[in-house]
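Let's take a walk through this model together. Have the sequence and the 3D view side by side, and we'll go one place at a time.

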Amino acid sequence: GADSKDEQLEQFRSDDAGKDLTTNQGVKVSEDEFSLKAGERGPTLMEDFHFREKMTHFDHERIPERVVHARGYAAHGVFEAYDSLEHLTKAKFLSEKGKKTPVFVRFSTVAGSRGSAETVRDVRGFATKFYTEEGNYDLVGNNMPVFFIQDAIKFPDFVHAVKPEPHNEMPQAASAHDTLWDFVAHNQETAHAIMWLMSDRALPRSFRMMDGFGVHAFRFVNAEGKSHFVKFNWKSTLGVHSLVWDEAQKISGKDPDFNRRDLYEAIENGDYPEFELGVQIIPEEDEHKFDFDLLDATKLWPQEEIPIQIVGKMTLNRNVDNVFAETEQVAFHAGHVVPGIDFSNDPLLQGRLFSYTDTQLIRLGGPNFHELPINRPVCPFHNNQRDGYGRQTINRGQVSYHKNGLANNTPAPASPADGGFEHYQEKMEGRKVRARSESFKDHFSQAAMFWNSMSAPEKEHIIEAFSFELGKCKEKVVRQNAVDMFANVNLEMAQTVAKNVGAVPPESGNTEIGKTSPALSQENTIKTPAT
Ligand code: HEM
């Protein structure tokens with residue numbers, strides 16, 4: 001039920017109030033302020049096991065921060081299905097009107113380190129763990145519907161370009177430096193996502209006031225084995241609201257915790273954040289009906305063509321008890337699915353399926369992080385995996401392999417009819433190639449669509465954002481290449497930005513790098529709007 005996760009966590013909560021202080025071995029401690037010394041003025045003694053244990057544990061308190069999305073904040077809640085989606089998916093948490101499933105949601109920025117300011121220009125992560133009766137389902141999304149690259153093999157490059165530059169760890173702001181904009185111009189599939197990043201969507205006023213997107217096409221599979229492509233959308237019931245850049249910058253200085261404070265206080269005050277879950281559905285037979293490829297994560301599915309159906313609501317109603325134990329140790333993974341939900345061949349998603357567990361093996365210290373309270377499914381889990389750092393489960397019995405003749409009660413696979421996960425039997429044929437379909441090369445149609453959908457003030461903000469961020473780039477050629485590239489989205493926009501950042505206003509859209517020679521550009525003076 002809705003409280004099953006809370007009940008499970010209860011057995012791990014520790015109440016230390018009023019208890020005697022002990023060592024980790026349970027020995028009561030009589031003194032916690034003076035270390036043991038050889039004489040009042042003598043050196044500290046090695047045999048002071050209480051001192052040694054306390055200090056050793058402290059010395060090991062930190063774990064690596066997430067390689068991306070390090071700065072985040074989370075809360076517990078509940079998801080309620082509005083209707084049965086049985087015709088589309090056999091996932092039980094979507095199978096019944098009114099069905100409630102506990103959830104844990106972590107919001108994050110992407111580029112900044114764990115202690116960075118929150119109101120920076122960046123994408124926001126929006127990761128939800130559904131503790132379903134059939135196992136954990138993670139919807140690991142962002143607050144923007146498209147991504148910067150099309151293939152996971154480029155993710156390390158992209159993140160290297162976005163993080164502070166390695167030779168001096170500056171600047172902290174991802175969108176304001178030469179390596180990001182150099183990457184963008186040389187990887188023009190970034191165009192659409194960059195438009196979102198330069199828009200007000202990159203400055204959410206509150207985690208409660210932003211939408212979420214699963215980004216990739218996934219699959220729903222129903223009990224008859226019929227599959228539909230699906231995109232997931234979260235819609236804030238408060239609507240989408242942003243900060244303006246001047247506010248965002250001032251708040252970054254005055255209250256770097258602005259977004260988490262807002263979320264924490266809203267929940268403490270009973271003003272529970274709510275998000276409705278919407279799905280966009282494309283029948284499998286319509287896979288090739290569109291002028292973009294469903295497998296291309298730089299393209300959204302226009303709502304006019306593929307409407308969003310609202311299927312449920314999530315309410316965040318409880319703050320964590322301990323940020324480290326829950327928010328920091330939670331391990332989301334785009335590959336955590338339940339029967340009825342499956343993957344598409346989106347080459348970005350396919351790479352994510354490898355990356356998350358891989359990174360968590362080091363971040364959370366070995367292969368047993370599924371045993372941490374926050375990561376445990378609320379349903380039982382049994383298999384022949386054994387041992388490893390930090391193992392908590394005490395598996396009993398002689399036999400830890402499948403199949404065997406010595407024990408008759410070891411875990412055995414369940415048939416699909418009995419809830420066993422069965423991968424969708426998509427028909428596949430082809431050659432092993434490093435390629436993708438032609439429409440992946442269209443980098444500007446949807447970027448232009450986004451620009452055209454903006455109101456006049458929103459367009460103004462985008463121009464100001466480009467001018468501010470590009471204006472921070474030291475290299476003339478980087479600024480020039482970027483404005484040349486964005487002339488393919490909107491010529492006038494690019495010309496205005498060019499003037500603001502001391503680049504030559506491009507005369508037409510052109511995807512060739514270096515068409516406008518930087519040598520031709522005007523004085524290296526930059527007019528950054530005061531905004
Ligand atoms: C976190 C990899 C694309 C959303 C992470 C982490 C890695 C990663 C390694 C850190 C995980 C951890 O330490 O627990 C990748 C790769 C991608 C990719 C390789 C592309 C190939 C995306 C996309 C989205 C996304 C497209 C959104 C749809 C997130 C979120 C988190 C995250 C929300 C933070 C989860 C949390 O709050 O703990 N990603 N990512 N990522 N990623 Fe991705």
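A crossing of two helices is called left-handed if the near helix is turned anticlockwise from the far one by less than a right angle, and right-handed if clockwise. Helices (H or I, at least four residues) and strands (E, at least two) are DSSP runs, numbered from the N terminus. Before we use any of that, know that this is a predicted model: local features need pLDDT of at least 70, side-chain atom pairs count only at pLDDT 80 or more, and totals for chains, interfaces and linings use all residues. Residue numbers start from 1 along each chain as its sequence is written.

Start with a pair of helices. Two packed helices are described by the angle between their axes and the distance between the axes. Axes here are lines fitted to C-alpha atoms, for helices over the stretch in contact, with angles running from 0 to 180 degrees between N-to-C directions. Helix α4 (residues 178-186) meets helix α12 (residues 476-486) at about 40°, and their axes are 9 Å apart. That makes α4 and α12 oblique to each other, since angles under 35 degrees count as roughly parallel, over 145 as roughly antiparallel, 65 to 115 as roughly perpendicular and the rest as oblique. The crossing of α4 and α12 is left-handed. On the α4 side, the contact uses D178, W181, D182, V184 and A185, while α12 brings V478, N481, A482 and M485; two residues are in contact if their C-beta atoms, placed from the backbone, lie within 7 Å.

Helix α4 has another partner, helix α3 (residues 155-162): their axes come within 7 Å and cross at roughly 140°. Here D157, F158, A161 and V162 of α3 touch T179, L180 and F183 of α4.

Now find A193, which sits in helix α5 (residues 191-197). Buried or exposed? A193 counts as buried, because it has 25 C-beta neighbours inside 10 Å (20 or more means buried, 12 or fewer exposed, in between partly exposed). Leaving out residues up to four places away in sequence, A193 touches M144, V146, F147, F148 and T298. A193 and A447 are 254 residues apart in sequence, yet 7.7 Å apart in space, C-alpha to C-alpha.

Last stop: the ligand. It is surrounded by 27 residues, the closest being H69, R106, G125, A152 and V215 (a residue is near if its C-beta atom, placed from the backbone, lies within 6 Å). The largest share of this shell, eight residues, comes from α9.
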